[in-house]
Amino acid sequence: MKKIAPFAAMTAFALAACATTPTTTPAPGADGMVSVTGEATYRQRIALPEDAVVTVRIEDVSRADAAATVLGEQTYATSGRQVPLPFTVNVYRAKLEDAARTNARVTIADGDGRLLWTTDSTHAVVPVAGQDEIDMGTLVLAQAAG
């Protein structure tokens, strides 16, 4: 009996560690989700305002002369943090695979919604068979005019 108790306690601890809490967005790999990760930065030495907001969109840009279709989006306040700013957007794999061209778009706006920084080039989001994560690396933003 004494030999079983430590084993049972260790097993119970291991199973408790595996418990998860429900989330609103399915995890990568679950239900065909792919996690698109990376970080946003810019080269200028300009501090972001305390109330800056980052928006990361994964878009279907296949149709010419039409607005892009948003496949996945994440928006969060920086709360005073500065670049580089990490991001993760979960997107359904089927949506990525159905789109002829996809793009990652990152914007940073101030608390009043004025655009401060944005991506100014194409960053293709291409799913790889058998992988549940796409690492976009570092996306360099350009300062918005105005």
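The structure is a predicted model, in which local features need pLDDT of at least 70, side-chain atom pairs count only at pLDDT 80 or more, and totals for chains, interfaces and linings use all residues. Residues are numbered from 1 along each chain as its sequence is written, and side-chain values use heavy atoms, with hydrogens and water left out. The protein has 2 helices and 8 strands; helices (H or I, at least four residues) and strands (E, at least two) are DSSP runs, numbered from the N terminus.

**Overall make-up**
- Read from the N terminus, the elements come in the order α-β-β-β-β-α-β-β-β-β.
- Of the 146 residues in the protein, 32% are buried; buried means under 20% relative accessible area, exposed over 50%, and partly exposed in between (1.4 Å probe, protein chains only).
- The accessible surface is about 9200 Å², and carbon and sulfur atoms account for 55% of that surface. Accessible areas come from the Shrake-Rupley method with a 1.4 Å probe, and for residues only the protein chains shown count as cover.
- Contact means heavy atoms within 4.5 Å. Among contacts between residues at least 6 apart in sequence, 67% link residues at least 24 apart.

- Two strands pair if DSSP finds at least two bridges between them. Strand β6 (residues 115-118) is joined to β8 by 2 bridges, and the two run antiparallel.
- Thr118 has Ala142 of β8 as its bridge partner.
- In general, strands of a sheet pair through backbone hydrogen bonds, either parallel or antiparallel.

**Strands β1 and β4**
- Strand β1 (residues 33-41) runs antiparallel to β4 and is joined to it by 8 bridges. The bridge partner of Met33 in β4 is Tyr92.
- In a regular strand the side chains alternate between the two faces of the sheet.
- Strand β4 (residues 85-92) has Leu85, Phe87, Val89 and Val91 on its covered face, while Pro86, Thr88, Asn90 and Tyr92 form the uncovered one.

**His123**
- His123 is in the loop between β6 and β7 (133-140).
- His123 counts as buried because its relative accessibility is 15%.
- Not counting residues up to four places away in sequence, His123 touches Thr102, Asn103, Ala104, Met136 and Leu139.
- The side chains of His123 and Ser121 make a polar contact (3.4 Å). A polar contact is a pair of N or O atoms within 3.5 Å; within protein, one must be able to donate a hydrogen and the other to accept it, and residues adjacent in sequence count only if both atoms are side-chain atoms.
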